Amino acid sequence: MNSTQAAKFGKAVGDTTRHTILRYCCCENRSVGEIAEHVKLRQPTVTHHMSILLEAGLVSRQQEGKQVYYTVNQEAVVQCCGQLLLALAPDQKATQAVCDCC
């Protein structure tokens, strides 16, 4: 993970609203309308949050007709967390833990 990717990941996960969105979109496709209703925000605000999550690669986008659905990209989340751990805590125990899970 380069510093630009790390910054995008940090920005994406550094907001409590985006935490809520990620939990809600885990393992299910959700429309912006569904997400907005769940987090009690207007759709343009949710769209802004989704663009940050998309840019970081933490959600996947699927379009069906006019409707757009989002779901968590679990593989990217695991990779980003693992890479951050390796960069921030490169001692042998941390490295082994990441290598064992990936």
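The protein chain averages a pLDDT of 83, and 78% of the residues score at least 70. This is a predicted model, in which local features need pLDDT of at least 70 and side-chain atom pairs count only at pLDDT 80 or more, while totals for chains, interfaces and linings use all residues. Residues are numbered from 1 along each chain as its sequence is written, and side-chain values use heavy atoms, with hydrogens and water left out.

**Helix H3**
- In helix H3 (residues 32-39), Val32, Ile35, Ala36 and Val39 are the buried residues (under 20% relative accessible area, 1.4 Å probe, protein chains only).
- These residues lie on the same side of H3 because they cover an arc of only 100° around the axis, taken from the directions from the helix axis to the C-beta atoms.
- Their packing partners are helix H2 (16-24), strand S1 (30-31), helix H4 (43-55) and strand S3 (67-72); helices (H or I, at least four residues) and strands (E, at least two) are DSSP runs, numbered from the N terminus.
- Lysine 40, which follows H3, has a positive phi near 60°.

**Strands S2 and S3**
- Strand S2 (residues 59-64) pairs with S3 in the antiparallel sense over six bridges, where pairing requires at least two DSSP bridges between two strands.
- Glutamine 62 is opposite tyrosine 69 in S3.
- Two residues separate S2 and S3 in their hairpin, and glycine 65 in the turn has a positive phi of about 65°.

**Aromatic side chain**
- The charged end of arginine 30 sits over the ring of tyrosine 24, 3.8 Å from its centre (the criterion is NZ of Lys or CZ of Arg within 6 Å of the ring centre and within 35 degrees of the ring normal).

Conventions: pLDDT is the predictor's confidence in each residue, from 0 to 100. Buried means under 20% relative accessible area, exposed over 50%, partly exposed in between (1.4 Å probe, protein chains only). Contact means heavy atoms within 4.5 Å.
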